[in-house]
Amino acid sequence: MGDSELVTAADAQLMQGLAQRVTALRPDLVNSDATYGELAWNWGKGHACDGESWLRRLWFSGDELIAWGWAQLPHRVRRSDGSVKDVTSAYLAYQVHPDHSELLDEVIDWYDGVTVGIERTVMPGIADEFALKRWAAHGYETDPASLGDTGTWTQLNERDLNDLEQPVLPDGFRFHTADEAGPQAVVRAHVDAWAPSPYTAEAYEGVRRTPPYRGDLHVLVEAPDGTMAASTIMWLDEVNETAEFEPVGTHPGYRRLGLGRAMLLHGMHLAREAGAHHMTVACLGAPGHPAARGLYYSVGFRKFTRDAPLIKRAPRSHGDGRPDWQDRQQQ
């Protein structure tokens, strides 16, 4: 077992390997930020700007990774409109192989140890009953802010790649790959869709260098005026013959034209040609976020599983420096 260190590119690839093994065995137990594609996207776009706030610990059986924790500590995010967002809580992405579930308590203890005095969040999968019990035993509770109509929990959607419709774009629009469009257009497309966004040319270069990124599986839709109006990346897991859309975005000035639907169908045809037989995509699952969910349902996706957002509040201190949980223990 390694000590806490900053996450490296080699670590991310080890984590992706565990994602592939768990996907083959129990895909419902792959956590939302621990999928093969999500790990690639998060590492690729974020390590240059946020990597100094990322700690990890790895657990091995021989040479094989069987559990990991990736703690994202408080940090500052600079966005495309010049604004700055201070992230004041910690978040844990993690995965434990189902055959080694007893390691989860060590993962939790490690996370608590590197986030003392900080509010902590985590999102285990709703299907992992063992994990939910262990997190509760360590003082983690359902995060009420995440469960309302506009909550931030996510659901994973899936479909097979049989019986695909043909994509239809409005007149004058056309598909491109990232290889054809070039880096500047790719970055602009993402920032326009997700503004304000911290995405930069440096972030995209990180994505391009992260396996299994392929420019021919990164699709954009060009509008008649030359604007890249929509874009998505497909991450192909050749071992499990599955692919994942992450991210998917449309320029606000070009929404409700059917671009997203056509792009997803086109992307699924490309993924199938590349060897995938199965496709996944995540979206916000709360009732107040129907747009993306409706889009994915319209092209054949259906809910597979969801995450369960948990929180552990930072202890409040009294004037004498004692946290309030000490008072509760003394009552």
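Pro196 sits in the loop between helix H6 (183-194) and helix H7 (201-208). The model is predicted. The peptide bond that leads from Ala195 into Pro196 is cis, with omega near -10°. A cis bond also joins Pro211 to Pro212, here with omega near 5°. Pro212 belongs to the loop between H7 and strand S11 (218-222).

Asp163 has a phi of about 55°. This residue lies in the loop between strand S9 (154-160) and strand S10 (174-177). The relative accessible area of Asp163 is 74%. The cut-off for exposed is over 50%, so Asp163 counts as exposed. For Glu241, phi is likewise positive, at about 55°. Glu241 is placed in the loop between strand S12 (228-237) and strand S13 (242-250). Its relative accessible area is 39%, which makes Glu241 partly exposed.

Side chains of opposite charge can pair when their charged atoms come close. Across the whole structure, the search returns 15 salt bridges. One of them joins Asp11 to Arg56, with 2.9 Å between the closest N and O atoms. Asp11 is part of helix H1 (residues 9-25), and Arg56 is part of strand S2 (residues 54-61). The pair therefore ties together parts that lie 45 residues apart in sequence. The threshold for buried is under 20% relative accessible area. Asp11, at 5%, is therefore buried. Arg56 is buried too, at 8%. This pair also belongs to a network of salt bridges that links Glu5, Asp11 and Arg56.

A salt bridge also connects Asp105 and Arg134, whose closest N and O atoms are 3.0 Å apart. This pair links distant parts of the chain. Asp105 lies in helix H3 (residues 104-114) and Arg134 in helix H4 (residues 129-137), 29 residues apart. Asp105 is partly exposed, with a relative accessibility of 21%. Arg134 has a relative accessible area of 26% and is also partly exposed.

Asp112 and Arg120 form a further salt bridge through their side chains, with an N to O distance of 2.9 Å. Both residues of the Asp112 and Arg120 pair are buried. In the Asp105 and Arg134 pair, by contrast, Asp105 is partly exposed, and so is Arg134.

Strands of a sheet pair through backbone hydrogen bonds, either parallel or antiparallel. Leu220 has Ser231 of S12 as its bridge partner.

The loop with Pro212 runs between H7 and S11. The loop with Asp163 lies between S9 and S10. The loop with Glu241 lies between S12 and S13.

How values were computed:
Residues are numbered from 1 along each chain as its sequence is written. This is a predicted model: local features need pLDDT of at least 70, side-chain atom pairs count only at pLDDT 80 or more; totals for chains, interfaces and linings use all residues. Side-chain values use heavy atoms; hydrogens and water are left out. A salt bridge is a side-chain nitrogen of Lys or Arg within 4 Å of a carboxyl oxygen of Asp or Glu. Helices (H or I, at least four residues) and strands (E, at least two) are DSSP runs, numbered from the N terminus. Buried means under 20% relative accessible area, exposed over 50%, partly exposed in between (1.4 Å probe, protein chains only). Two strands pair if DSSP finds at least two bridges between them.
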